[in-house]
Amino acid sequence: MQLDLYPSLEQRVERFRSFYRQENQRPLLGFFLGSEYPLFRYEAAESLPEDRPLKPSDFPIGKYVEDSERLFSEHEECGGDFIWTASAFWGIPWLEAALGCPIIANHHTGSIITHPPENFRGAGSLPEFDERNPWISKLNEFITSLAEQSGGRWPIGTTRLRGISDLLAALYGGEQFVWALMDSPDEVSEVSTRLTDFWIAIGLLQIRKIPPFHGGIGSFYYNMWAPRGTIWHQEDASALLSPALYERFIRPYDEQIIQAFSGCIMHQHSVGYVPVEAYLETDLIALEMHIDQGGPSAEDLYPVHTKILCKKPLLIWGDLTEDDLDWVFSELPPCGLAVCKVVRNQREAHDIYRKYVLEGSYSRA
């Protein structure tokens, strides 16, 4: 292996420390190998039944741990600045399942989907947070097993936790939650308060159990090192809302979540309404923004990217085209910028890292 394609673990961690301080002199560049859909990504998920709601016992942890070893090795072969991270299997909608939503495997799409629970009748029908909840107990088991297997070789991060708008959509159903905001605002506010408490509790549980990795923590999907105690957040369903609805019904709970953790990073898509201005006013330590297939290009997103970089570190994630990469590396300010490119194989990753880091204008850093 060529050393320049494979910076040491210590070098990568230090580069991320500089990234969060917005002092890195070139964009960090890393890779996400293979499909972004979890059932296509984890061999252990191939046997999940589709004809009934899933149960915790449908997820044999040992097989997912084996997948984690494979994914770690494959991503290390890609090289680059990022560090592959394990988590409790992020294909599971953990919060929704723990709240009582039936979850169903769909092998055609490669995802696990949720349905509103039949007994949902507002805040009073939601369970209290309890570590004995079968799904939360399973989450605990995942973290323990992954930590034992890793032995400090790779980091562990918190798993995918969908935000308050996402959970409202899961409970009320699709677009119906938007009507609920307008028809039953007091009820929705009470539900959101309960959901926020549940969200924070399940996040803090993971933070307590995840062992430190070089003084920090990993990220379930984005392969970033982050300061200890950092959690990932998302509000994808906010794309269905107006700015006024987001401000009234979601933002207060997002701010509670952000304040509950020593670090929080917000995931965003680049299509639909994205409350970037609101996020920039919070104590988020970084923002992540997808470049979605069929959505705006990196050049189209230049005003948004530069607005973020004026205040926060930014991760750009996605199946970026060569034009996207050329634009990002030539036009965006490098300080506080990281790029995670979806790749098909290690050779593609090597070629991209060589072009934009080792042979490009940033090779001096």
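The legends below describe close-up views of pockets and salt bridges in a predicted model. Local features require pLDDT of at least 70 and side-chain atom pairs count only at pLDDT 80 or more, whereas totals for chains, interfaces and linings use all residues. Residues are numbered from 1 along each chain as its sequence is written, and side-chain values use heavy atoms, with hydrogens and water left out.

Figure 1. A pocket is an open set of points on a 1 Å grid over the protein atoms alone, where a 1.4 Å probe fits, with protein on both sides within 12 Å along at least five of seven lines; lining residues have an atom within 4 Å of a point. Volume is the space filled by probe spheres set on the points, which are joined across faces, edges and corners. Of the 35 lining residues, Tyr37, Arg160, Arg162, Asp236 and His269 are the closest to the centre of the largest pocket. Strand E3 (111-114) contributes the largest share of this lining, 4 residues. Helices (H or I, at least four residues) and strands (E, at least two) are DSSP runs, numbered from the N terminus.

**Figure 2. The second largest pocket.** This pocket holds about 160 Å³ of space. Its lining comprises 13 residues, with Glu235, Asp236, Ala239, His269 and Val271 nearest its centre.

Figure 3. Glu74 is partly exposed at 26% relative accessible area, as is Arg70 at 22%; buried means under 20%, exposed over 50% and partly exposed in between (1.4 Å probe, protein chains only).

**Figure 4. Salt bridges of Arg251.** Arg251, buried at 14% relative accessibility, forms a salt bridge with Glu255, with a closest N to O distance of 2.9 Å. These two residues lie 4 residues apart in helix H10 (residues 251-259). Arg251 also meets Glu281 in a salt bridge of 2.6 Å, N to O. Glu281 lies in the loop between helix H11 (276-280) and E8, so its pairing with Arg251 of helix H10 ties together parts that are 30 residues apart in sequence. Glu281 is exposed, at 54%, whereas Glu255 is partly exposed, at 33%.

Note on methods: A salt bridge is a side-chain nitrogen of Lys or Arg within 4 Å of a carboxyl oxygen of Asp or Glu.
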